[in-house]
Amino acid sequence: MTYRIRGLDPAQFTDQFALDDAGLARQRARREIAGQGYFPCRVTLEDAQPGEELLLTHYANHAVEGPYRNAFAIYVRAGARAAAEYVDSLPPVLRARPIALRGYTAAGDLHRAALALADDVDAQLRALLADGQVAYIDAHNAMHGCFAARIERHEREECFT
């Protein structure tokens, strides 16, 4: 099973970076400076380095019209210009930390879930995607609950000559 993981489109955060502190507060957001530890950018899918400017904002990662609608705080680096993309490989934000995986149906209902504790995210993703009812997976940091990335099925393009 082939899968793709893409970072969020940075354009959706551009207006927030232009706001002052009061404007950010009205949008449930604020500026932060990365310190020691994990500050995972949801655009680049990498941890920000200490001293980097970040936006901490409220984000609806699962904006379905139903009981499984979900939103939480996420970080976005000030310098994030392009969404990362990984095919059949894992970005840094899904490595070396406990990750909760939620497999949803095409209708947005939770169908299956898994917990990856020992850097076994790839194996857990493939097991969830082996179930034909799982249309996509949302990964969350297991300890803090914040959205990490969306995982979708991916069909590789074949080149025939």
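Start by selecting His 58, which sits in strand β3 (helices, H or I with at least four residues, and strands, E with at least two, are DSSP runs numbered from the N terminus). Before going further, a word on what you're looking at: this is a predicted model, where local features need pLDDT of at least 70 and side-chain atom pairs count only at pLDDT 80 or more, while totals for chains, interfaces and linings use all residues. Residues are numbered from 1 along each chain as its sequence is written, and side-chain values use heavy atoms, with hydrogens and water left out.

**Stop 1: strand β3**

Is His 58 buried, partly exposed or exposed? At 38% relative accessibility, His 58 counts as partly exposed (buried means under 20% relative accessible area, exposed over 50%, and partly exposed in between, using a 1.4 Å probe and protein chains only). Now show what surrounds His 58: leaving aside neighbours within four places in sequence, it is in contact with Arg 28, Ala 71, Phe 72 and Ala 73 (contact means heavy atoms within 4.5 Å).

Leu 56 is buried, because its relative accessible area is 14%. Beyond the neighbours within four places in sequence, Leu 56 is in contact with Arg 28, Ala 29, Arg 30, Glu 32, Ala 73, Ile 74 and Tyr 75.

**Stop 2**

Arg 28 has come up in both contact lists, and you'll find it in the loop between α2 (21-26) and β2. Arg 28 is exposed, with a relative accessible area of 61%. Check its backbone: phi is positive, about 60 degrees, although Arg 28 is not a glycine. Most residues other than glycine have a negative phi.

Next, jump to Ala 96, in the loop between β5 (85-87) and β6. Its phi is also positive, near 60 degrees, and at 57% relative accessibility Ala 96 counts as exposed.

**Stop 3: Thr 44**

Select Thr 44 in the loop between β2 (29-33) and β3. Thr 44 counts as buried because its relative accessibility is 14%. Which side chain does the side chain of Thr 44 make a polar contact with? That partner is the side chain of Arg 77, at 3.0 Å (a polar contact is a pair of N or O atoms within 3.5 Å; within protein, one must be able to donate a hydrogen and the other to accept it, and residues adjacent in sequence count only if both atoms are side-chain atoms). Not counting residues up to four places away in sequence, Thr 44 touches Arg 77, Ala 80, Ala 84 and Tyr 86.

**Stop 4: strand β8**

Move on to His 140, in strand β8. With 0% relative accessibility, His 140 counts as buried. Its side chain reaches the backbone oxygen of Gly 145 at 3.2 Å. Among the contacts of His 140 outside the four places either way in sequence are Asn 61, Pro 98, Ile 99, Cys 146 and Phe 147.

**Stop 5: the cores**

Now colour the largest nonpolar core, which has 22 residues; Ile 5, Leu 94, Leu 125, Ile 137 and Ile 151 have the most contacts inside it (a nonpolar core is a set of buried Ala, Val, Leu, Ile, Met, Phe, Trp, Tyr and Cys residues joined through side-chain atoms within 4.5 Å). Its largest share, 4 residues, comes from α3. Apart from this core lies another, of 13 residues, among them Leu 24, Leu 55, Ile 74 and Val 76.

Zoom in on Ile 151: leaving aside neighbours within four places in sequence, its contacts include Tyr 3, Arg 4, Ile 5 and Leu 125. Arg 4 is in strand β1, and it is buried, with a relative accessible area of 18%.
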